[in-house]
2 protein chains.
Amino acid sequence: MITLTLPDGSKREFENGTTGLQVAESISSGLARNALSITWNKQIFDLNRVIPADGNITINTWDSEDGKYTFWHSSAHILAEAVQSFFPDAKFAIGPPIENGFYYDIDFGDHKVSAEDLEKIENKMMDLVKQKLTFTRKEVSKADALSYFTEKGDPYKLELIDGLEDGQITFYTQGDFTDLCRGPHLPDTSQIKAVKLMSLAGAYWRGDENNKQLTRIYGITFPKKSLLDEYLVRLEEAKKRDHKKLGKQLQLFMFNPMVGRGLPVWLPKGTTIRRILEAFLRDELLKRGYQEVITPHIGNLELYKTSGHYPYYSDSQFAPITVEDEQYMLKPMNCPHHHQVYSSEPRSYRDLPIRLAEFGSVYRYEQSGELNGLSRVRGFTQDDAHIYCTEDQLAQELDNAIDLTQLVFKTFDMPVKTRLSFRDPENTAKYAGTDEMWNHAESVIHKVADDMGLDYFIGIGEAAFYGPKFDFIVQDAIGRKWQLGTVQVDYVMPERFGLQYVGSDNSKHRPVIIHRAPFGSMERFLSILIEHFAGDFPLWLSPVQVRLLSISETYNAFTDEVAKKLRAKGLRVETDTRNEQIGGKIREAETEKIPYMAIIGEKEAESNSLAIRRHKMGNQGSIEVDAFIAKLVEEVETKAMPPSFQKNA
Amino acid sequence: MITLTLPDGSKREFENGTTGLQVAESISSGLARNALSITWNKQIFDLNRVIPADGNITINTWDSEDGKYTFWHSSAHILAEAVQSFFPDAKFAIGPPIENGFYYDIDFGDHKVSAEDLEKIENKMMDLVKQKLTFTRKEVSKADALSYFTEKGDPYKLELIDGLEDGQITFYTQGDFTDLCRGPHLPDTSQIKAVKLMSLAGAYWRGDENNKQLTRIYGITFPKKSLLDEYLVRLEEAKKRDHKKLGKQLQLFMFNPMVGRGLPVWLPKGTTIRRILEAFLRDELLKRGYQEVITPHIGNLELYKTSGHYPYYSDSQFAPITVEDEQYMLKPMNCPHHHQVYSSEPRSYRDLPIRLAEFGSVYRYEQSGELNGLSRVRGFTQDDAHIYCTEDQLAQELDNAIDLTQLVFKTFDMPVKTRLSFRDPENTAKYAGTDEMWNHAESVIHKVADDMGLDYFIGIGEAAFYGPKFDFIVQDAIGRKWQLGTVQVDYVMPERFGLQYVGSDNSKHRPVIIHRAPFGSMERFLSILIEHFAGDFPLWLSPVQVRLLSISETYNAFTDEVAKKLRAKGLRVETDTRNEQIGGKIREAETEKIPYMAIIGEKEAESNSLAIRRHKMGNQGSIEVDAFIAKLVEEVETKAMPPSFQKNA
């Protein structure tokens, strides 16, 4: 008999030789019907594979990451089978599942894959999945594996097998296609109901540009046709919201090769948003007892040798600059600079916690091919802070830091799930610090999460090397998930930098450090805000809040007078007093996504009122100037969502 | 006969063979008595030297830079004569006048110069000057010059002569001392009434650390004993105000070798001041139609090749960093980045002026030996802006820009003189751009200075290579002068960066650029503010404005309540509710130069009032809490000077 522990903690006994499918059936026939694979002690297994021993078991369905992983992994094999049916000489490299779907890297020889080819392959895939092909797992010896792919003439698989140990090699076969594969796979193809090949790309074998460039085919599959349709709609919506497109249209930021790749320039309207976000956060920081500092954008290499980030992370850093007899580096993080501020004076337990905050610009090297708008850049500004506290203060300080991140996400109406990112207890070698430190810190984190009533889950193996952390996964208006913000516990840097305080016992102690950044990076956060709001920012964030449109030049003086009144209340106002048709003026303002348009003609000038249009919402009727000001000021103060904002989560 | 033009523009005729002294006598006997040298066509001449031809002439007295230069140059020779009398084997290197006094670099062989030696030398100098020694100029051949110093055994003079052309070598002799020297000198030593040797330092021959280290003796002399006394008092006052000392004491900034030499870290209190200064300026910028941008701290080397700053200024830049196939540099200035923003879109004359502002951090290489607190750093933040305008808008935009600099200096109660920095018409090769551009720009600048009624003078040869400019020389509270802020006209960069706008004539034109920075650099400006105010900042700038001191723990609750009230009005408040003597609490607050101390005891708690102390001004009596708040808010809003502030200009 074997004993299996289900996700709810309950234990059940099964005969030796039981498969995952049998376990699912023992729970419910519905579950068995929807089952895609199982996860047993963190390994994903085929449903029809015998469960080897006691352990934790989860039945994976479409609703879980592991289930989708299995589904898309099998779909990649179907893609390969379909390709092979049309291109028998194609050589197959690797075909993994990814976040949305899967891809396969294929060597088509001299053939250029066309859109027609993709359509043909997609149709063939639909034919294949309808045949309810089963996936068969087979353990093979290294010699047999090599001989199979030698015969097939596939150099990529041979190279992969070369790197594997004998006794650990498995093949999976469905229909006419056999692949070198660790699995797992679906029992058969019948659950795949919708197939879409998305795009083509070039990809070097093993990511090395000295190797041959292969053709990568991206695809996605679903257990229901309607899910594919929804996915495509969401993709379309995401494309409309693309921050690169909107950033250009709304003149928020720019990139320019003369300035440099991956180095964003904040244009005036983007800078306005950034300054508002910074002021919002700075206000909160000062209320919460933080102190702001400003540190240089370079640092002596010794700092990063001490922290251990150099040379270990030098792949993601800019090369050092030699200055006289020293070496300097563009700072990849603010932490070591803050540690120097901490240690610039003797500290007593009475001084703690010390909370040092900085909007600190950092520079990290990314390959130019990896750069992507504001999402992936080479220079960005963190809303960084480091809290130096005693062990006794840790829980309270974590609570404070998390409270701030929650306020940020709430302000932008983004639902959030918290991941408690703990170390992998089976792989402790990769973590610095003692077991005692880790266990203590993880228990504090767990308790804080419980006490605060966070909606959390635990991510084993997701900790930083220097300590466990809270990670926040927020959902944007179209249901996409972004990891944003982080609150990290650090016992390692205090050691490495020799940080101290004198305790009430008059002896020296190490403080604990909390690293935290609610926005994360101003650049990436703006990219997410742009897409979350599709460029229709809440009034308090809008670079221009109101545009006053005069119907004819007769009303320009009154228009200017109104503008002055609004500006005196701190509102960001533009006037459009050109001698143009009012319809054209409105269209322009709508294109620029200006929240309020106030139209001024005879009636308005006479009654000291404005005819208001709200972006996307059309005419809002007439309102007196002072009442309009009061309404706007309230909307700014309450940080209200724009009326057009819809969550489609 | 020769015709000489006096500084007031009047012309006078003199016999051939007339000396400067004779010209002075012809003007007034008082002037002749105070004359030290003359400046004839920009060359300084001995008073008794024959004026060679027609030209401009100025009689230099102690009140002019050129007069002091002559006075201190002669004093250096007296120093050398005094040294020689005690140390006949001493070898003399160079002995120039400097900003405050003079020095002489001397090789004393194995002898270590002591404080006693200095005293002896100083006394000897006083003896010598009383002898009314005359300075005699003599032209000598190179051969004679070499033979004189070979005999004397002075290798440094021999090396210097080696670098000179025959026919251009002169000796000056006074008393027993003859020096290789271009002059000029005083007629005799009788005007030197006070002598002070200030300090000793090591200095390598020719500044090269591979050469022998010589002993540098610094000294200063005056035509009146009272001037020396005043100078020493001012020095003492300057030392008390030293921003490096006060910056540390008041915890405004720090340097740390682990961060890097010349890289300031703004501590929380310094950051508070900086943020206030930035907000003050940002408010003004927005009112004046500027738009803020944020650009990266590195830039592609192509930017600086285009601007011409690389490789021509690479001595003062950090070395480039190679990134993939490109080179990047820490940006030494913000201009090229802003030009990219300008040219990111087609611009029409209707869009101009475009005023792009940035608090932009830049990095320039300075030798570590040149670094000095916040005055001379390797990384600093400019309050930079570039105004892109049409030729027609230039005068108005210059007026606006200067108006802002004047507001800044007025806000800090710093008297200012403006220098119109024009090119040297006799050396046009070093300037870019056409004569037409220069003449036009200089005439616009001149007219703006007149129209604005600026207190200005003209500095020929002080222009930037790309255009003429306004420079501002402000005077601090103890009468020292600082060049601060600049407004520059630039016709060159628009060409080099190919900047354009479409004019009302529908054809393409180049905009003119105005570069301007009222503070100059936030770091250097803070250093000047610290010394100007001796750390006693006006209330609106003070990092902590009020400290509430409770007399005993009984009043801590009331103290906290008052603190909350003050904070709600935006005041920066600290409480000192420790169980300590009130006298000690007051002393601490005075040391930290906190503007207001509010003492809270029984009487205050009962009457909802505060017993106020003003820093340096002592007790101010009792005031009700609300009245105190109103008073502080007004003092902040009016940016009032602190009551202890005294100008000693």
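Predicted model: local features only at pLDDT ≥ 70, side-chain atom pairs only at ≥ 80, totals over all residues.
**Where the chains meet**

Let's start with the contact between the two chains. On chain B, 54 residues are in contact with 54 residues of chain A. Together the chains bury about 4,500 Å² between them, and carbon and sulfur atoms give 61% of that area. On the side of chain B, the residues that lose the most area to chain A are Met258(B), Ile294(B) and Glu324(B), which together make up 15% of what that side buries.

Charges and polar atoms take part as well. Between chain B and chain A there are 10 salt bridges. In one salt bridge, the side chain of Arg261(A) meets that of Glu326(B), with 4.0 Å from N to O. Across the interface, 25 residue pairs are in polar contact. Strand E15 of chain B, residues 260–266, gives the most to the side touching chain A, with six residues.

**Spaces inside**

Now for the cavities. The structure holds six cavities of 30 Å³ or more, and the largest cavity has about 50 Å³ of space. Among the residues that line the largest cavity are Arg282(B), Tyr290(B) and Phe359(B). Helix H9 (268–287), strand E16 (291–292) and strand E20 (354–363) of chain B each supply at least two residues of this lining.

Here is how the residues divide by type in the two places:

Notes:
Residues numbered from 1 in each chain as written. Chains lettered and ligands numbered in written order. Heavy atoms only, no water. Contact = heavy atoms within 4.5 Å. Buried area = accessible area lost by both parts, 1.4 Å probe. Polar contact = N/O pair within 3.5 Å; in protein donor to acceptor, adjacent residues only side chain to side chain. Helix = DSSP H or I, 4+ residues; strand = E, 2+ residues; numbered from the N terminus. 1 Å grid on protein atoms, 1.4 Å probe; cavity = no way out; pocket = protein on both sides within 12 Å on 5 of 7 lines; lining within 4 Å. Points joined across faces, edges and corners; volume = space filled by probe spheres on them.
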